[in-house]
Amino acid sequence: MQPLIQVEHLVKCYSGRNVPGDGEVGPALNDVSFSVAPGRTLALVGESGSGKSTLALCLAGLERPTSGRINFGGHDIVALDEKQLRAVRPQIQLVFQDPVSSLNPRFTALEILTEPLIVQRRGGRNERRERALTLLECVGLSREMADRGTGELSGGQRQRLAIARALSLAPKVLILDEALSALDCSVQAQIANLLMELQSSFALTYLFITHDLVMAAHLSDEIAVMDRGRVVEQGVPEKVLRAPEHEATRRLMAAVPGSNVTPRLPRAL
Amino acid sequence: MRFLLRRLIHAVFLLFGVSILTFLFSSLAPGDYFGEMRLDPHIAPETVTALRAQYQLDQPLPVRYARWMKSVVHGDLGFSFSYNSPVGPLLWVRARNTLLLTVTATLLTWGLALPLGVWSAERLGHLPDTLISWTMAGLLVVPDLALALGLLLFAVRSGWFPTGGLASIGFDSLSPLDKLRDLALHMILPVVVLVLTALPLVVRHVRAAMAGVLDAPFLRAARGHGIRRHRLLYRYALPAAANPLISLFGFSIGALLSSSLLVEVVMSWPGMGPFLVEAILSRDLYVVIGGVLLSTLFLVAGNFGADLLLYWADPRIRTEPEAK
């Protein structure tokens, strides 16, 4: 199948004062290549500092890669200027780790959901409102929550709202940047199920970024393990978990609680 | 609403407190308006005593305070010995001139500081930010007195600006448009001094507050929707950074008011500054108290305005009392 996203030799170096973390020299992304077919889920797994989030930002057009190509829908995103990028942005949306800071604290749920539509000049006032209310129901929230502030929602509800916001522009790709990591276990499972339902009903392509190998295996069709800016191992979850080739993968597996030596595969597989 | 009511009650108590304290302190200072007369051999001591009695300066403090409060209710604010008339009307004309300066300067300061600070924060560590930061640091180290004197020198040398006062001679015979122009020309120098002294602090705060929120994930999400730069900065980021700035707005009014008093004296602007200095030197008791009280009132009103703004700007504060 023709890939929806094709990343080729992507390099990102932070320069000068913009270096995040401890200012360690070296590219955040070092010759990363992979591709994702439409409707599939690719999990990007790695320890913190391995370049996962930088990759997410590059794919979402929020950071400019130093070199390389990101082919999406016939365009190379890297080569687009800001104006052209604006037309592509709605198709690639992000969901962040922390549902508190990723929602504007001054907006009500309704405002959060209609704002992307206003920004992209879509629909009239009533259409936007109707779409926002529908989205609330899509992610398992009730219409009555539309007028609530984000402070009146629980962590899980907020993450649902963040997912609804990401869906409001009817994207093709969702980048889930540690989207489950800040939630507690039971909520994690609920949101994971929600994501799977949404994927089948909206034909979404997911890039699931996480450090949690088990969750990655549960949700994805393919896993790419990242270490120090490189993709060091790639394959179907079963293979990666059963026969890890790279040391970074083994480290990640050792970090899975309750499965120090031989990690069990989740039942869903 | 409870939030605002609480603030209003605070303000009233504050004004009371200030009035009592200024009364106390001014009575602690030795001597009074008639003190110098005693040194004059031509004036009999009995006359001075009679005068003091006439103006009720011989009464005990609580009585004087009560009488003064009564006159405050009437809007007189006590009686000026040197002008021989109630303080209220005297003060009001000058307060209007002072307000003209400070309100203009406040608006201008914030009008300049917001875009400068936002721009600086957006380009953090880059050329615009460095330039703005250095300029502001430079302005910060120049004392306002030096700035005022320097600009006065400039006005004298260049002859482009009037060197003091509020209006030219023959102001009354000018047409309304010319009157406005004349007033504006007189205002330029004092307002420039005030703005330049207040600007660095405000710009730095705007920059810091904005820099703090510009990395927030919800702004990233908004950029991911393809939001335009202007909308991102002013509809998303600025409101998120606004709370400390709104409080600063209240304080900046106070700061501008107090530097205005100095600038007025230096640039002979007929506001409260020169009036108060003169009153303090001649121990014109009630003018001093009235002036201090009026300045406090402006300050309190400014802060209350800031609270109102905060209440209006932040939905979280509006819902706070119900949540508790």
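Predicted model: local features only at pLDDT ≥ 70, side-chain atom pairs only at ≥ 80, totals over all residues.
Leaving aside its neighbours within four places in sequence, A:Leu207 is in contact with A:Val36, A:Leu42, A:Leu44, A:Leu59, A:Val173, A:Ile175 and A:Leu176. A:Leu207 and A:Ile175 are the residues that touch the most other members of the largest nonpolar core, which counts 144 residues.

Strand 8 of chain A spans residues 205-210, and six of its six residues are buried, so that the strand is mostly covered. A:Thr205, A:Leu207 and A:Ile209 point one way from strand 8 of chain A, whereas A:Tyr206, A:Phe208 and A:Thr210 point the other way, and the residues of both sets are buried.

Strand 8 of chain A has a parallel partner in strand 7 of chain A (residues 173-177), to which five bridges join it, and within this pairing A:Ile175 stands opposite A:Leu207. Strand 3 of chain A (residues 41-46) also pairs with strand 8 of chain A in the parallel sense, again over five bridges, and here A:Val45 has A:Thr210 as its bridge partner.

**The two sheets of chain A**

Which strand order does the open sheet of six strands in chain A follow? The order is 6-7-8-3-9-10, and the pairing is mixed. Strand 6 (92-95) and strand 10 (230-235) of chain A stand at the edges with a single partner strand each, so one side of each is left without a neighbour in the sheet. Neighbouring strands of this sheet are turned by 20° against each other on average, direction ignored. Strand 9 of chain A (residues 222-227) runs antiparallel to strand 10 of chain A and is joined to it by five bridges, with A:Glu233 of strand 10 as the bridge partner of A:Val225.

A further open sheet in chain A is formed by four strands in the order 2-1-4-5, with antiparallel pairing. Its edges are taken by strand 2 (29-36) and strand 5 (75-76) of chain A, each with a single partner strand, so one side of each has no neighbour in the sheet. Strand 1 (residues 5-12) and strand 4 (residues 67-72) of chain A pair in the antiparallel sense over five bridges, and A:Val11 stands opposite A:Ser67 of strand 4.

| Strands of chain A | Sense | Bridges |
|---|---|---|
| Strand 7 and strand 8 | parallel | five bridges |
| Strand 3 and strand 8 | parallel | five bridges |
| Strand 9 and strand 10 | antiparallel | five bridges |
| Strand 1 and strand 4 | antiparallel | five bridges |

**The core and chain B**

The largest nonpolar core, in which A:Ile175 and A:Leu207 touch the most other members, takes its largest share, 15 residues, from helix 10 (residues 229-266) of chain B. At least three residues of this core come from each of domain 1 (2-86) and domain 2 (95-323) of chain B.

The secondary structure of chain B comes to 13 helices and two strands, and its C-alpha atoms fill a box of roughly 85 × 60 × 40 Å along the principal axes. Of the 324 residues in chain B, 33% are buried. Among contacts in chain B between residues at least 6 apart in sequence, 73% join residues at least 24 apart.

The C-alpha centres of domain 1 and domain 2 of chain B lie 32 Å apart, and 23 residues of domain 1 are in contact with 21 residues of domain 2. On the domain 1 side, helix 1 (2-28) and strand 1 (79-80) of chain B are the elements that give two or more residues, and helix 1 of chain B provides the largest share with 13 residues. By class, this side of domain 1 has 12 nonpolar, eight polar and three charged residues.

**Where the chains meet**

How many residues does the contact take from chain A and from chain B? It takes 23 residues from chain A and 18 residues from chain B. Strand 6 and helix 3 (109-119) of chain A each supply at least two residues of the side of chain A that touches chain B. The residues on that side of chain A divide into 10 nonpolar, seven polar and six charged.

How values were computed
Residues numbered from 1 in each chain as written. Chains lettered and ligands numbered in written order. Pairing = 2+ DSSP bridges. Axes fitted to C-alpha atoms, helices over the stretch in contact; angles between N-to-C directions. Core = buried A, V, L, I, M, F, W, Y, C linked by C-beta atoms within 7 Å. Buried ≥ 20, exposed ≤ 12 C-beta atoms within 10 Å, placed from the backbone. Domains from an automatic or database assignment. Contact = placed C-beta atoms within 7 Å. Nonpolar A, V, L, I, M, F, W, Y, C, P; charged D, E, K, R; others polar.
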